[in-house]
Amino acid sequence: MAVNHHAFPFKLHALLDNTVDKEAEIVSWLPSGKAFRIHKPREFKEKIMPKYFRQIQYRSLQKQLHIYGFCLVKDKCSFENGAYFHELFVRDNKDLCKKMTRERAKRDNK
């Protein structure tokens, strides 16, 4: 089975790896390299998303993060609060993205 290196996780990894200067104030890896944070969502949507993604809606990006199994860290006592984490998404180890898979969207049957 061929791996699509243009898949969302690879584009996201490239985006974070290529973030420099002013862009790092908008989105960056956390110091641990095991999660990333979008510091300024509006600027991210306007200035960075169009360079890397076809969809330019912030909500679409959030949906892709969810589909690929990223977790939003929700721990107000943690420095990583508000960051996105995935065990296979690590700075300086792009090859781990090959193991990431899309999950089917879960529907509520209410």
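Me: Over how many bridges do β1 and strand β2 (residues 35-38) pair in the antiparallel sense?

Reply: This is a predicted model, in which local features need pLDDT of at least 70 and side-chain atom pairs count only at pLDDT 80 or more, whereas totals for chains, interfaces and linings use all residues. Residues are numbered from 1 along each chain as its sequence is written, and side-chain values use heavy atoms, with hydrogens and water left out. Helices (H or I, at least four residues) and strands (E, at least two) are DSSP runs numbered from the N terminus, and two strands pair if DSSP finds at least two bridges between them. For β1 and β2, paired in the antiparallel sense, the number of bridges is three.

Me: Which strands stand at the edges of the sheet?

Reply: The sheet is open and holds four strands with antiparallel pairing, in the order β1-β2-β4-β3. Two of them have a single partner strand each, so one side of each is left without a neighbour in the sheet. These edge strands are β1 (27-29) and β3 (71-72).

Me: At about what angle to β1 does helix α1 run?

Reply: Helix α1 (residues 8-17) lies across β1 and β2. Axes are lines fitted to C-alpha atoms, for helices over the stretch in contact, and angles run from 0 to 180 degrees between N-to-C directions. On that basis, α1 runs relative to β1 at about 95°.

Me: Which backbone oxygen does the side chain of threonine 19 reach?

Reply: Threonine 19 is found in the loop between α1 and β1, and at 15% relative accessibility it counts as buried (under 20% relative accessible area, with exposed over 50% and partly exposed in between; 1.4 Å probe, protein chains only). Leaving aside neighbours within four places in sequence, threonine 19 is in contact (heavy atoms within 4.5 Å) with Ala24 and Val27. At 2.6 Å, its side chain reaches the backbone oxygen of leucine 15.

Me: How many disulfides does the structure hold?

Reply: Cysteine 71 counts as partly exposed at 44% relative accessibility, whereas cysteine 97 is buried, with a relative accessible area of 2%. A disulfide is taken as a pair of cysteine sulfur atoms within 2.5 Å. Under that criterion, the number of disulfides is zero.

Me: What is the relative accessibility of aspartate 92?

Reply: Aspartate 92 lies in the segment after β4 (84-85). Its phi is also positive, near 65°, in a residue other than glycine. Aspartate 92 counts as exposed, and its relative accessibility is 70%.

Me: Which elements are included in what covers the buried residues of α3?

Reply: In helix α3 (residues 58-67), the buried residues are Tyr58, Leu61, Gln64, Leu65 and Ile67. After α3 comes glycine 69, whose phi is positive, near 85°. What covers the buried residues of the helix includes α1, β2, α2 (41-52) and β4.

Me: Which pattern does the protein chain follow along the sequence?

Reply: Of the 110 residues of the protein chain, 38% count as buried. Among contacts between residues at least 6 apart in sequence, 49% join residues at least 24 apart. The secondary structure comes to three helices and four strands, and read along the sequence these follow the pattern α-β-β-α-α-β-β.

Terms used:
Polar contact = N/O pair within 3.5 Å; in protein donor to acceptor, adjacent residues only side chain to side chain.
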